[in-house]
Amino acid sequence: MTAPIQLWYWPTPNGWKVSIALEEMGLAYEVRPVNIGTGEQFTPEFQALSPNGRMPAIVDPDGPGGEPLSIFESGAILQYLGNKSGRFYPTDLRQRAEVDQWLFWQVGGLGPMAGQTHHFRQYAPAIIRDQRQIAYGVRRYTDEIHRLYGVMDRRLADRDYLAGDYSIADMAAWPWILPEHQGQDLSHFPHLAAWMERVGARPAVRAGRAVGEALRSNLAASGKAAEEARKVLFGQRAR
């Protein structure tokens, strides 16, 4: 038997994308935790796999030609796993184009905008005393997430999944719909709400979402540990 895929991971929406995909595809994997609150993403060992210093990353010991292959960036990882498993990533070029459009929509739009929403709504209030300084950021990103929810709601009005059949595009987007952290009300987006329930009911999605749950901490909390973690995560410059 070949060695399992190494999943370099921390339980965040970007990490969940890949743990969900591995569970859905039935690929053997082992978790290598990367504690982003203590700076493990900046170690030489991890940056050799992920030059951007962001998780997730994978190492497939049984890559092309039987040689190990490491991949960073969640979208690239999902495409690779879909190709490797032959599941949830169609080979028909028209169908694949549908999946790729929505995968890259998530990678380039939903994920970054949701991340900024989380920053200004959850973390910035613990860092900046004068809340007037962050008011525009809160409004800007909360409104943008509202717009993106609307895009998904319209898309899902006449189909069950983003690209027709269930695919890696759904696995990428689902972890980022966190209305309670993003100032949104899913009752305003009934098609999106139904999709959230539909995808979330899948056993592999539940299993992938639960990976490493005990490792999570509240970065918006008060206290020295959370404050030190925020210093590690925010305000990074070139090294």
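Two residues are in contact when heavy atoms of one lie within 4.5 Å of heavy atoms of the other. The model on display is predicted.

**Stop 1: Gln47**

Begin by selecting Gln47, which sits in helix H2 (residues 44–47). Because its relative accessibility is 28%, Gln47 counts as partly exposed. Which residues does Gln47 touch once its neighbours within four places in sequence are left aside? They are Gln41, Phe42 and Gly53. Next, draw a distance from the C-alpha atom of Gln47 to that of Ala57: the separation is 9.8 Å, for residues 10 places apart along the chain.

**Stop 2: the sheet**

Ala57 opens the way to strand S3 (residues 57–60). Display the four strands of the open sheet, whose order is S2-S1-S3-S4 and whose pairing is mixed. At its edges lie strand S2 (29–33) and strand S4 (69–72), each of which pairs on one side only. Neighbouring strands are turned against each other by 20 degrees on average, direction being ignored.

S1 and S3 run antiparallel and are joined by three bridges. Among the facing residues, Gln6 has Val59 of S3 as its bridge partner, and Leu7 stands opposite Ile58 of S3. On the other pairing, S3 and S4 are also linked in the antiparallel sense, over four bridges. There, Ile58 has Ile71 of S4 as its bridge partner.

Show the side chains of S3 as well. Ala57 and Val59 point one way from the strand, whereas Ile58 and Asp60 point the other way. Are these four residues of S3 buried or exposed? Ala57, Ile58, Val59 and Asp60 are all buried.

H1 lies across S1, S2 and S3, and runs at about 155 degrees to S1.

**Stop 3: helix H3**

Select H3, a helix of 12 residues. From its first C-alpha to its last it reaches 16 Å, close to the 16 Å expected at 1.5 Å a residue. Colour its buried residues: Ser74, Gly75, Ile77, Leu78, Gln79, Tyr80, Leu81 and Gly82. The elements covering them include S1, H1, S3, S4, H4 and H6. After the helix comes Gly86, with a positive phi near 70 degrees.

**Stop 4**

Centre the view on Trp195. Setting aside residues up to four places away in sequence, Trp195 touches Met152, Leu156, Asp160, Tyr161, Leu162, Asp170, Ala173, Trp174 and Ile177.

**Stop 4: helix H5**

Met152, a contact of Trp195, is among the buried residues of H5. Select the whole helix and check its length: at 1.5 Å a residue, its 21 residues should span 30 Å, and the end C-alpha atoms are 31 Å apart, so the two values agree. The buried residues of H5 are Gly137, Tyr141, Thr142, Glu144, Ile145, Leu148, Tyr149, Gly150, Val151, Met152, Asp153 and Arg155. Their cover includes H4, H6, helix H7 (179–182) and H8.

**Stop 5: Thr117**

Finish at Thr117, which lies in helix H4. Why does Thr117 count as buried? Its relative accessible area is 1%, and the limit for a buried residue is under 20%.

Show the polar atoms around this side chain. Where are the backbone oxygens of Met113 and Tyr141? That of Met113 lies 2.7 Å from a polar atom of the Thr117 side chain, while that of Tyr141 lies 3.2 Å from such an atom. Beyond its neighbours within four places in sequence, Thr117 is in contact with Gln122, Tyr141, Thr142, Ile145, His181 and Gln182.

How values were computed:
Residues numbered from 1 in each chain as written. Predicted model: local features only at pLDDT ≥ 70, side-chain atom pairs only at ≥ 80, totals over all residues. Heavy atoms only, no water. Pairing = 2+ DSSP bridges. Helix = DSSP H or I, 4+ residues; strand = E, 2+ residues; numbered from the N terminus. Axes fitted to C-alpha atoms, helices over the stretch in contact; angles between N-to-C directions. Buried < 20%, exposed > 50% of the residue type's maximum accessible area, 1.4 Å probe, protein only. Polar contact = N/O pair within 3.5 Å; in protein donor to acceptor, adjacent residues only side chain to side chain. Expected span 1.5 Å × (residues − 1).
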